[in-house]
Every structure is written in structure tokens, then in C-alpha cells.
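Dear colleague,

I am handing over the structure that you will be working with, and my notes on it follow below. Please read them with the structure open beside you.

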Amino acid sequence: MWKRAGSVVLRVSIFAMENTQAYKHKNNLKYTFPLLKRLVVFALVFVFAMALALLLTGYICREGRLGTTYQKNVRLVTATSPKLVMIGGSNLHYGINSRMLQDSIGLQVVNMGLQHSIGLQYMFDEVRESLYKNDVLLLLLEPSAYIGMPVNGRTNIARIASIYPKNIDKLNATQWYNAAMYSGLALLQNYRDSQVVISKKLRGKPTFDQMCNELGDYHGHKGLPSKYKKKQRRDFNDEKIFNNEILPLIQEMKIYTQSNDIQMVIGFSPSAYSASDSLLFTRIQAGLPAEITVGNMPDYIFPDSFFYDSPNHLIYSKRDMRTRKLLRDLRSASIFFTPH
Amino acid sequence: MRLRLSHLPELPYLYSMLFNSIEYLIFLPTVFILYWLIQDKIWWRNLFIVAVSYLFYGWWDWRFLGLIIFSSVVDYSIGRAMGRASDARVRKRLLYMSLATNIGILGFFKYFNFFTESFADAMQGVGVAIDPFTLSIVLPVGISFYTFQTLSYTIDVYRKKIEPTEDVVAFFAFVSFFPQLVAGPIERASRLLPQFSQSHTFDLNNAKNGLRQILWGLFKKVVIADNCAPMVNQIFDNYETQPAPVLLLGAVYFAFQIYGDFSGYSDIAIGTARLFGFKLMQNFAYPYFARDMAEFWRRWHISLSTWFRDYLYIPLGGSRVSSQWLVVRNVAAIFIVSGFWHGANWTFIFWGALNALYFLPLILRKKNRSNLEIVAADKMLPSLREFSGILLTFALTCLAWIFFRAENITQAFDYILHITHLSMDFSRFNVINHGSVIALIVILVLVEWVNRRKEFPMQNSTLPVVIRWAIYLILCILILANGDSNDSFIYFQF
């Protein structure tokens, strides 16, 4: 056994010596260089082609749903402080009356709600620089965002980067990685949405961005009945409540806002789940920082007929009901707003 | 979505290195560069192949490594012992040892629960209630492939077709060669083993073809197969409420799902091997262009069908036996065993038997070698007769695939029965999703038809470089756009 081991050591040493000398003269890897060069060039061309395709389709999708981020960002920079900035998913985009809120609290309101799958990290980073002293940041996330959605987003982070390239500098390394990994799917979805946009324009129908008011509220579903079907409901595996990243991120934002005299508040999204989900929602609420949470999550469970096309998108006529409920929660939690 | 075979234990896919995964995307170039960096020292190069192949295989589950190492040690030792033995009886005993070991391993891991449960069912049928003793056995990925590969070595050594190798590293490399380790092609020792004793120089044209073949394989797997899969699952899970045309479509989707999945994997394996200077056998030769079932089986999973031909069918006498009944027996044996190889379920056995039924008329009438050349070899389109043959063969194949896909025999017959009901109730049929999948299948068929004379469509492409690169870009984008599912390959379960 020792002889064998010694033989192996000897062979390794001889191999190392021979190859160090041989490498200086000739090795097979050199012959692969033409192929490797072609691969590198192809990879660069591919990245360029993907980026171009994403930006082109993203440009058309400016008039799609994710493109309403343009109006929302304009509102964000033009609204005067102290202001109320609401961030969250599409429950905000579809289901809040920002004007009613604005009239009630006496502050300018910005509805940044878009799509929760862009990730909470992006939502925070998007508004961070526009938050000033005495502003209020209100987080209204869908239940699924607390459980399943990674904070750095997936396909939609690639889409939002292509549709609103101004915020590209705000993406972190993980978001860049996700954007790259999901770029193919993002391109497919951009392409599909751009077809919808082009089709609407050709038929003279208003596009998504034209159905979003200056405060960031969507009203394209005004007058439309509920088409939400029970089978769209998701069943949550309530063994794991929170994804590992979301609570630390909320804590981090809470510290940031407190250190900059900004008030951070967490509210809840309307949900079309059954009453049996109230236990799950109670557990979610219990995990959130109680001192900045307003309202009661199970109280935001509504009948299916209140919803438009998903378990979190209210029909137009129910926005006011939700907004009034939110106002009551804010007032009962003694959230004071500095008046103009 | 994966092909769901509920009777098979779950495989540890969580950490698998699938060919369409990020891990493999990092693994392959790294191995490629290191491989060619190694000087032309065959022993060291083979050792490197063994190391990376075990890393690749161990990535699935390190516990599986012991089994493949054990199988390799046994067959290497038996091969050497056979080489030294002059007595035919000793050689035969050694061969039986190899057969017992390899088939024993395969039988235990793959078929133990099937046999105990089938026995219990049979006893219940005669009124004796038995509680079957089953084990929670994890099926090692690729076991059906590498055991057959090592068996081919010992059988060929026994037949004195090849000399037993003394190079243990070369042998281990032959058994564990990572491109074809987990799902074939099942290589013969006479073809692959000598390649581990030869030095290789890098061939740019061969490597380019290798990359093209990998790209084409990924397209078939990720774009075609993975888009057919949810359609198949939806139709087969709800077959009771689907109209007859949709049920037929479901069988067609599955035909392309399994073709895209398996031939796609084979292409990736063969293309990968090309990058390292190795030549693996062609495993699929456009089987859906076959004009009869005999031609189909010359073109589908060629490595397995030729394995059964050489090691089972011919030793039984093949078609050169004294009576027609023996021919029937031999044909039935080869197809039923082939079906059984695919999985421990009566559906696979029935699928094999059905294919035997298809094949028998041809061989009994000695028409099994009517179509040896490529269809419409010197024409653009097939003749009406050829086209009819292609359609009929495809229809028969799809009928058999229903049994292959179904959870059990009852469901398969029920599915076929529902087709015969000729229901035209399309109220629950969503036409929107099907258009793009059908379009992809049509594109695949057209591309493969135009390039049917080549080993794979993009081989030695003479198109202008701009067009070629545009095609590569489109394929890469399609693969990336469809690559989110991370579905494993169907044949990993075999």
C-alpha cells in the first residue's frame, strides 16, 4: 500500500514538472482558443441582442401596466413634503382611492403600487431618495408577498428594468442576477404585453398608462363587474410563513425611516380568501413589527364578488370602502400627519 | 412539469446537475478548459474524467457513488478474471456472476416493490389477503443505463469480441463518463472503451458541431418537451371531460414531449462528448419519419434496441429459428423486457407487448427490412405511400404512448375508450395555449424533415454566418425564455 501511494506521489510530481515545462512550449488548450474566442464573441452578441430586445419591447410596454411606473415616479418627485407615499403590489394599483385619502389627511398622496413580484427591495429603493423628513411611508403588501415572493424579485425585476431604465442604477447585484436569469421570460412577457398595447392603439382603445390618474390610481376597470373565479385562489402552505429575507428588510427600512424622521406604517391588502385563511393572516400579522402596524389583517378578507380579476384586485366600486377602512385604521392607531 | 409516475419513488432532484441548469453551465466550460489543459497523458486525462464524472453524479446524491463504483469494480475484476481463465466453464461462471450482480442491483432498486406488490395483488385475486412488504428505496439515477453498459463489457469479453482491459482508470472512465452516465446513449465497450486508450487532439469543426448539437438538444428539451408537458398533464389528468380530438392531441403532445426530452438529452450528451474528442453513437434518427414499426425501432433509442438485439434477441436465436412460434417468442421477449426496463409498472410491460404486436406481422412476413434507406432520400417530399406509412406508424406509436404515459392500465384503456366516445364538447377546452405549442411542433417537424439526411439538423451547417448566428441567437433566447421550469428529463427515472 505504501509502495502504491509513493508511486502515485511520484507520478504526480513528475506530471507537475513535465507539464510546467511543457506548458511553456505547447499544450492542447491553445487549439481550443479559436472556439473559446467564438464563444466569447457570441456571448457578447447574445447579451447585446437580449438587452436591445428587452429595451425595445420595454419601450412599447411604457404604455402597458408596468409602464404606469412613469406616472407614479413623476408624482413621486413632484409631490411636496410632507407627503404620504404608498408602496406595495397591484392591490394598491387597482384598489385604493388616493384622492379620498389625500382630501381626508390633508397630505399629498403618491400611489407607487405596481406589482408585488418586482420585490420589496426594489419598492423600498425606488422611493428612498424621495422620502424626506415628516413624510409617511405606508406599506400595503399582498399576503403572498410575505410568504413566497423573493425580496429581489424575479421576472418582473427584469421587466421593470427594461421598461423604466432610469432606475437601473438602483438595482443591487442579486437583482441584476435575477434580471439576467429571467431575462428570457421577461422578454417573452414584454413581447406579449407589447402586442396588447399595439392592439389597443390600433383599435383606438386607451392603453394602461392612459387609465392611471396623476396620483397613481388605476381606473381602467371602472364600471366593470367582478370576473374573479374561485379556482384562481392559491392555497398557502402555512408551515412556513415568511420568506427568510422579508422581515430583516422591513426592519432595515424601519431603522432608516426612523433615523430620517420619516414615519413608516404597515397596513394590509384586501384579500379574497376564505375565513379559514384568517388564522394564517393572524400569524403573518404577529410576525410584523407591531408598533408600526395598523389594522387587523383578517379584517381585510372580503367576499369574492368584491374582486375584479385576482384575489387582491378590488372592483372599482369597492375602492372607497377599502380606503375608508384604511383611514379608520390609521386614525385609530393615532397616526398623526403634520398638516400643510 | 415532470412526467408524474406515482409508483416511482421521488428522486433527489433538489441538488441535481441537470443539463439545463446553471450548475452545468459552470461545470462544463470549467471541465472543458481543464481537460484540454492537461497534457496528452492518457492516464491523467482519464483520471480527470473519472473525477469530474463522479462529481457530476455525486451532485445528485453522493450515496449513489458507492453503487457505481461497486459495479465498476465487480465488472473490471470479472473481465480480467475472464481474460486469465482458459476454461470455458470458469468463464461462464464469471459471466453469470456479472449478470447476477448487475441485474441483481437493478432488480433490487427498481423492481423489488413492484414484485412484492404484484405478488400481493395476485394473491388477493385468488382470495388470499397479503400485506406486501415494501421498502422505501430511492432509485439511483441512471442505474438502468450504466448497468447495461458494464454488462455489455463483460458479455463482449466472454464472447471474446474484445480483450479485457487492464487499465482500471480507463474502465472506470468508460463506466462513469458523465455526458452519457445518467440517461445514455448506452455505449458498447467495443466502441467507447478504446477511445479512452487513444490520445485526442482538439478538432475545431467537431467541437463546433458539438456545441450546435448541444444547442439543438436544449431546444428540443426546454422549448418543445417542456411546453408539451403541461398540456399533456392537463389533458391526461382531466381526460374524462375532454373531447375526443383533444384526447388525440394529448397523445400527440406526449409523443413529442418524450421525443423532445429523450432525444434532446441524447443530443446534449453526444454534443458534450464531441467537445472532449469522444464519439458517442447516434441514439435517435428521426423516428417519427419511419414508414413502418420495424423502421421506427431502428430509429428510436437505438442504443437500447441494439443492446437487446445483440444480447437477448440474437442469443435466443433471433429470427433464424426452426419455427414461427420461436420467432414470436423471441420478438415478444425482446419487447416485453424492453418495456419492463423502462419501469416497474404493468403499463410499460403492456406498452412493450403492444409494440411486439405491431412488429410481429412485419417479421413473420419478412418485411422488417423493407425501409432501410432514409425516407424520400433523393426527393424533397415523400410519396403518397411513404406518407401514409409515416402517418400510420405515428398513429400506432401514439396509441402505444398512451399506455406509456398513463398511471395504470385501467386509465390507459379508459383514455382510449373516451376517444371512441367521439365527444365534441369543447366547453372546457382552452384553445389559446395550444396554438403556440402546435406551432413549435410544426417547426420542429419541418426543420427535422429538411435536415433528415444529417445526424442532427445543424450539423456542418453551410448557411451564411449571419444567418447561422441569428438562428443560434433565436434558439438561445427561446431556451432562456422557457428555461424557468427546470424540469428534469423523463428518462432520468429509468
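Why is strand S4 (residues 263-268) of chain A largely enclosed by the rest of the structure? Five of the six residues of S4(A) are buried, so this strand is largely enclosed by the rest of the structure. Here a residue counts as buried if 20 or more other C-beta atoms lie within 10 Å of its own, as exposed if 12 or fewer do, and as partly exposed in between, with the C-beta atoms placed from the backbone. Helices (H or I, at least four residues) and strands (E, at least two) are DSSP runs, numbered from the N terminus.

Before going further, please keep in mind that this is a predicted model, in which local features need pLDDT of at least 70 and side-chain atom pairs count only at pLDDT 80 or more, while totals for chains, interfaces and linings use all residues. Residues are numbered from 1 along each chain as its sequence is written, and chains are lettered from A and ligands numbered from 1 in the order in which they are written.

To stay with chain A for a moment, strand S3 (residues 136-141) and S4(A) pair in the parallel sense over six bridges, where two strands are said to pair if DSSP finds at least two bridges between them. Within S4(A), Gln263(A) is the bridge partner of Val136(A). Chain A has 13 helices and four strands, and 41% of its 340 residues are buried. Its radius of gyration is 26 Å, whereas a compact globule of 340 residues would have one near 20 Å; this radius is taken over C-alpha atoms, and the globule rule is 2.2 Å times the number of residues to the power 0.38.

Chain B has 18 helices and zero strands. With a radius of gyration of 23 Å, close to the 23 Å that the globule rule gives for 494 residues, chain B is as compact as a globular protein of that length. Along its principal axes, the C-alpha trace of chain B spans about 70 × 70 × 45 Å, and 43% of its 494 residues count as buried.

The domain assignment of chain B, whose bounds come from an automatic or database assignment, gives domain 1 (41-199) and domain 2 (205-493). The C-alpha centres of these two domains of chain B lie 26 Å apart. In chain B, 19 residues of domain 1 are in contact with 19 residues of domain 2, two residues being in contact if their C-beta atoms, placed from the backbone, lie within 7 Å.

How many residues does each chain bring to the contact between chain A and chain B? Chain B brings 21 residues and chain A brings 22 residues. On the side of chain B that touches chain A, helix H1 (22-37), helix H9 (204-237) and helix H18 (465-481) of chain B each supply at least two residues, and H18(B) gives the most, with seven residues.

Finally, helix H2 (residues 33-60) of chain A has 28 residues and reaches 41 Å from its first C-alpha to its last, close to the 40 Å expected at 1.5 Å a residue, the expected span being 1.5 Å times one less than the number of residues. The buried residues of H2(A) include Leu35(A), Met50(A) and Leu54(A). These buried residues of H2(A) pack against helix H8 (155-163) and helix H10 (183-202) of chain A, together with H9 and H18 of chain B.

With kind regards
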